[in-house]
Amino acid sequence: MDYTGVKLRNSHQIYYVSTNGLFVKRNALCIVETEHGVDMGRVFKCPAHLKSKNSEARGRLLRKVTVGDLDALPEIEAVEKKAFAVCREKAREKKLDMKLVSVKCLFDRTKIIFSFVAENRIDFRELVRDLATVFRTRIEMRQIGVRDEARIIGGFGPCGKELCCVNLKEEFDPVSIKMAKEQNLNLNSLKISGMCGRLLCCLGYEYNVYKEMNELMPRHGATIRIGPKDYTVEFTDPLKETVRLRCADHVVTVKREDIQVSGNRYHISQEVMERITAALEEDLEKEPV
């Protein structure tokens with residue numbers, strides 16, 4: 001069975017669906033049937049090898065978009081706009097503590113999906129009944145998280161590029177503060193948080209690389225013997241592969257390749273040790289008596 005990745009209208013989630021014998025190219029508009037119903041989507045990924053063999057198709061392509069489908073789209077969008085206004089007004093009347101994010105009417109108009117954000121669980125049964133009375137179709141209320149809200153609304157991150165969750169990520173991977181620590185980033189929450197208020201998705205992109213590099217570096221606070229004195233590891237730079245050492249007021253920076261490990265002890269190569277010792281003696285001679 002051949003598969004293709006499709007992004008449905010007003011959605012950033014990728015559905016892997018059966019091509020159903022249709023030959024489609026990337027960016028082609030198609031009518032897709034999923035477990036939620038019939039909708040319009042754009043081919044995002046092809047060919048079939050992008051689909052995991054162990055996963056099942058979540059739908060199928062019905063046909064390529066026709067002129068009639070495109071002509072019907074403005075009317076569907078008008079229904080969505082009206083539904084958004086009606087839902088927000090009725091939620092306000094019922095004093096429901098929820099923030100409506102998006103409204104989507106399926107292409108076959110069998111269901112309208114309302115996505116909202118709320119801190120607590122919401123009893124929206126009365127709201128659903130009122131909406132069903134107005135629009136005469138099935139109503140689905142879908143509570144989403146703040147990361148999903150950022151993906152739907154879109155925007156730009158502190159890097160100046162479009163949010164990663166919009167175009168780069170299919171699913172949200174777990175992100176922890178440990179990833180920021182591993183990369184020696186400023187742990188100020190404002191510096192490492194995205195538009196959603198959660199930790200930046202991009203913290204996970206280079207985490208494994210930094211983790212591998214840091215495993216080759218001496219740990220923070222470790223002691224390294226240089227001549228008659230013990231120096232403490234103050235800072236490591238895995239990208240430059242350098243280590244900053246401190247002993248009282250004397251600070252030196254050495255390369256990782258100059259540090260040798262013997263058991264649980266770190267040592268400096270003889271050549272570097274002589275250079276550091278000579279520099280230290282030179283500094284002592286310059287100090288006023």
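Predicted model: local features only at pLDDT ≥ 70, side-chain atom pairs only at ≥ 80, totals over all residues.
Leaving aside residues up to four places away in sequence, Leu-131 touches Val-86, Cys-87, Lys-90, Phe-114, Arg-136, Ile-139 and Met-141.

Next, bring up the largest nonpolar core, which has 25 residues. Leu-131 is among the members that touch the most others, together with Met-98, Ile-112, Phe-114 and Met-141. Now colour the elements that give two or more residues to this core: strand E4 (37-45), helix H1 (67-93), strand E6 (99-105), strand E7 (111-117), helix H2 (125-135) and strand E8 (138-143). H1 supplies the largest share, six residues.

Keep H1 and H2 on screen. How far apart are their axes, and at what angle do the helices pack? The axes lie 11 Å apart, and the angle is about 145°. The crossing of H1 past H2 is right-handed. To see the contact, select Val-79, Lys-82, Ala-83, Val-86, Cys-87, Lys-90 and Ala-91 on H1. Colour by class: nine of the contact residues are nonpolar, three are charged and none is polar.

Show the open sheet of three strands, ordered E6-E7-E8, with mixed pairing. E6 and E8 are the edge strands; each has a single partner, so one side of each has no neighbour in the sheet. From one strand to the next, the twist averages 20°. Zoom in on E7 and E8: they run parallel and are joined by six bridges. Here Lys-111 stands opposite Arg-138 in E8.

H1 lies across E6, E7 and E8, at about 150° to E6. H2 also packs on the sheet, where it touches E7 and E8. The direction of H2 makes about 140° with that of E8.

Move on to the other sheet. In what order do its six strands run? The order is E12-E11-E10-E9-E14-E13, in an open sheet with mixed pairing. Strand E12 (250-255) and strand E13 (259-262) are at the edges; each has a single partner strand, so one side of each lacks a neighbour in the sheet. The twist here averages 35° from one strand to the next.

Finish on strand E9 (residues 223-226) and strand E14 (residues 265-268). These two pair in the parallel sense over two bridges.

Technical notes:
Residues numbered from 1 in each chain as written. Heavy atoms only, no water. Core = buried A, V, L, I, M, F, W, Y, C linked by side-chain atoms within 4.5 Å. Buried < 20%, exposed > 50% of the residue type's maximum accessible area, 1.4 Å probe, protein only. Helix = DSSP H or I, 4+ residues; strand = E, 2+ residues; numbered from the N terminus. Contact = heavy atoms within 4.5 Å. Axes fitted to C-alpha atoms, helices over the stretch in contact; angles between N-to-C directions. Left-handed = near helix turned anticlockwise from the far one by under 90°. Nonpolar A, V, L, I, M, F, W, Y, C, P; charged D, E, K, R; others polar. Pairing = 2+ DSSP bridges.
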